[in-house]
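Please read them alongside the coordinates.

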Amino acid sequence: MLVFFENVLWLLVLIGVMINIHELGHFWAARYFDVKVEAFSFGFGTRLFGFRRGETDYRFSLLPLGGYVKMAGEQVTDENANDPRSVLSKPRWQRLIIAFAGPFMNVVLAVGVLTGLYMVKYQRVSDADMEPVIGHVAAESPAAKAGLLDGDHIVKLDGKANPTWEDVGIQEAEGAYRPMFLTIERNGKRFDTTVTPTLNERIGVGSAGWDERGEIQLVEVEPGRPADKAGLKKGDIILSVNGQPIHSAGRLQELTKASGGKPVDVEFERNGQKTVVTVQPIFSKIDGQGRWYIGVGPQPKFTIITTRLSFPDAFAESVRQNGKNGMMIVQVLKGVLERRMSTKNLTGPIGIAQLSGEAAREGPSAFLVLMAMISLNLAIVNLLPIPIMDGGVILMLLVEMTMQRDLSINVKEAMLKVGFVCIMLLVVFAIYNDISRLLPAG
């Protein structure tokens, strides 16, 4: 229960910052063009409390998942529609800037947060750990069908020499049913092959069926499960299972899954000491599929290089990271529309609350990185050409600027209704996704 309240608290902090920054963009732009702002609200619905300064009511409203700036004369039917300070009385190019200012401020927040973070603490994975050396190839997977083996080194990806695992992973996730053209180095010799990832319905992204090679560390040990009972702990490095060396998370899971319920001998290293324990797997439904497992979360152990960047370098790196993240968000949306990625990737307020709480408990750096990513998401989603959102307003203004006349009131009202229905359906579906992730599989 405490974790639940912590998650809610950190969600409110996260969206509170992002929404206020977003609405401040609209507010400042409106004030700059001398538009009368009647209300600045954090949340929707009934006004709970607030204060009035000048002509603007600054308020907190009942539903905290959003916010808005109410400008005079936003609708033709408003009583202030003919006021020279109403938003509709302003030139279209000014209204376009007012609409764009909200998402723009979210981009500014994302860049600013990462710039400040990198000036204090900049972390990156060592170059050696980013080399795309395959540690495990699942049987019957696209990678296996392409002839790839454990230990193969990907030296070229779609013509790009010396890709990193990050490059490979992003293209794999975004590229279900799209061929990846690879050059592989094996035993000093090179050859070309093609891998076409399939859509992994469980996680909703493309999967080639390979894992990266490296030391495997436990990042999670489920309380009360076999691994926990046997004495394994978070941070342990897994060396072997039943005498077979472990160089990938997939190999560890494959060996426990194939145990058939028989005890497995797990050799691990902790504080420089090597130990062997016997673990009794249990059979359970995980992600809708029944299999033997021991209750651990393994992942490659990376060497993290920590330093500080100067302001110019921190700003440049922040822009680069946000640009890369922005492209990834766009590719995910495109992949969902093209049915190459699952709609399971859509996360609602419940999922964001979980992420917020987990990031906050991990530390300020993780929370700030999450804030930058969510803020960038908010900017991009708001710019989608959906009526009622900033992108829809911008689209209508561009159409009117091209036509040199206003769209009819009936057309605008119909578009707003359609936009509202689309947003509500999207929110409901995202919440459904969140709840389905929380429910036990099978």
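1. Helix α2 (residues 92–120) packs with helix α7 (residues 311–337) at an angle of about 135°, their axes lying 8 Å apart. Axes are lines fitted to C-alpha atoms over the stretch in contact, and angles run from 0 to 180 degrees between N-to-C directions. Helices are DSSP runs of H or I with at least four residues, strands are E runs of at least two, and both are numbered from the N terminus.

2. The model is predicted: local features need pLDDT of at least 70, side-chain atom pairs count only at pLDDT 80 or more, and totals for chains, interfaces and linings use all residues. Residues are numbered from 1 along each chain as its sequence is written, and side-chain values use heavy atoms, with hydrogens and water left out.

3. On the α2 side, the contact (heavy atoms within 4.5 Å) with α7 is made by Ala110, Val111, Leu114, Thr115, Tyr118 and Met119. Residues from α7 include Phe311, Ala314, Phe315 and Glu317.

4. Gly135 sits in strand β4 (residues 134–137). Gly135 is buried, at 7% relative accessible area; buried means under 20%, with a 1.4 Å probe and protein chains only. Beyond its neighbours within four places in sequence, Gly135 contacts Asp150, Asp211, Glu212, Arg213, His247 and Ser248. Gly250 lies 115 residues from Gly135 in sequence, with 8.4 Å between their C-alpha atoms.

5. For the protein chain as a whole, there are 11 helices and 20 strands. Of its 442 residues, 41% are buried. The C-alpha trace spans about 80 × 50 × 50 Å along its principal axes.

How values were computed: Buried < 20%, exposed > 50% of the residue type's maximum accessible area, 1.4 Å probe, protein only.
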